[in-house]
Amino acid sequence: MRTTRLVTILLLNAIGFALFLSWYLPPNHGFWASINKVIFFSFNNQIVHHPGFALLVAVTNCRVFDLISLFAMGIIYFFYWNRETLLGRQRILAIGIIMLLSALIINQLSHLLPVQHKSPTLFFKNAHRVSLLTGITTKDASSNSFPGDHGMMLMIFSCFMWRYFGFHTLFISASISVIFSLPRIMSGAHWFTDIAVGSLSVLLIGMSWILLTPLSDVLINTLCHKLLYKYK
């Protein structure tokens, strides 16, 4: 591994640790607390005064809507799949498998962080629940919302797309991450920092060692040669 690549990894790790500690160490999470409160109530007050907005928030936090995010990611994936030869498609399949395994491992490791807190809808006594306002069963609360699992998975997808399909895919995949992470914040199922600090800090540390070292390439190539190419 080149020295410049190692420096980049260490820098991303330092940024990730600094981001997490900027939230974790200060009493009551320092300046992040006011940011969280402003963002939460800006959305929470709107769902009371605007029934149409409340309906939008409720619908976009249903489990069925999560399938739309998977469909959006699938469209991007199929675009590259459709342009490849048989061997190219096998490699794309291997990339997808390693991406899923990486997401599962990083997600499990993220829950080892010494943090456990309720979502803002459970933290604030005067919070409004969109599920109660609309009568729609939806994701608007969590007993342990840190870090944001949903946002983390979307970010990992963006990182893999950027690494293996080029910089031009970053804008599209990153847009998907933002669009489908935002509903959880709007409903109060997650604090802003659950994603902007929790998910992002874990991502900066974990994904740098997977994608900026030979690790992901070795795993993908091994999977291709040992499993996929054998059954072409």
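Two residues are in contact here when heavy atoms of theirs lie within 4.5 Å. That term is needed at the second stop of this tour, which goes through a predicted model.

**Stop 1: the whole chain**

Show the protein chain as a cartoon. Along the principal axes, the C-alpha atoms fill a box of roughly 60 × 35 × 30 Å.

Switch to a surface view. The accessible surface of the protein chain is about 12500 Å², and 72% of this belongs to carbon and sulfur atoms. Buried residues account for 46% of the 232 residues. Among contacts with a separation of 6 or more, 80% are between residues 24 or more positions apart.

Colour the charges next. The chain carries 16 positive and 6 negative charges, and their mean positions are 5 Å apart.

**Stop 2: leucine 113**

Select leucine 113, in the loop between helix H5 (86–110) and helix H6 (120–123). Its relative accessible area is 25%, so leucine 113 is partly exposed. Which residues does leucine 113 contact, leaving aside neighbours within four places in sequence? They are Phe20, Phe146 and Val202.

**Stop 3: aspartate 66 and its partners**

The count of salt bridges comes to 4. Start with arginine 63 and aspartate 66, whose closest N and O atoms are 3.6 Å apart. Both lie in helix H4 (residues 63–82), 3 residues apart, which is about one turn of the helix. Arginine 63 is exposed at 56% relative accessibility, whereas aspartate 66 is buried at 13%.

Now select arginine 184. Its side chain meets that of aspartate 66 in a salt bridge of 3.0 Å, N to O. Arginine 184 belongs to helix H9 (residues 170–187) and aspartate 66 to helix H4, so the pair ties together parts 118 residues apart in sequence. Arginine 184 and aspartate 66 are both buried.

**Stop 4: aspartate 140 and arginine 129**

Move to aspartate 140, which forms a salt bridge with arginine 129; the closest N and O atoms are 3.0 Å apart. Aspartate 140 is in the loop between helix H7 (130–134) and helix H8 (149–165), and arginine 129 is in the loop between H6 and H7, 11 residues away. Aspartate 140 is buried, with a relative accessible area of 3%, while arginine 129 is partly exposed at 27%.

To finish, select Arg63, Asp66 and Arg184 together: salt bridges that share partners join them into one network.

Technical notes: Residues numbered from 1 in each chain as written. Predicted model: local features only at pLDDT ≥ 70, side-chain atom pairs only at ≥ 80, totals over all residues. Heavy atoms only, no water. Buried < 20%, exposed > 50% of the residue type's maximum accessible area, 1.4 Å probe, protein only. Areas by Shrake-Rupley, 256 points an atom, 1.4 Å probe, with all protein chains shown as cover. Lys, Arg positive; Asp, Glu negative; His and termini not counted. Charge placed at Lys NZ, Arg CZ, Asp CG, Glu CD. Helix = DSSP H or I, 4+ residues; strand = E, 2+ residues; numbered from the N terminus.
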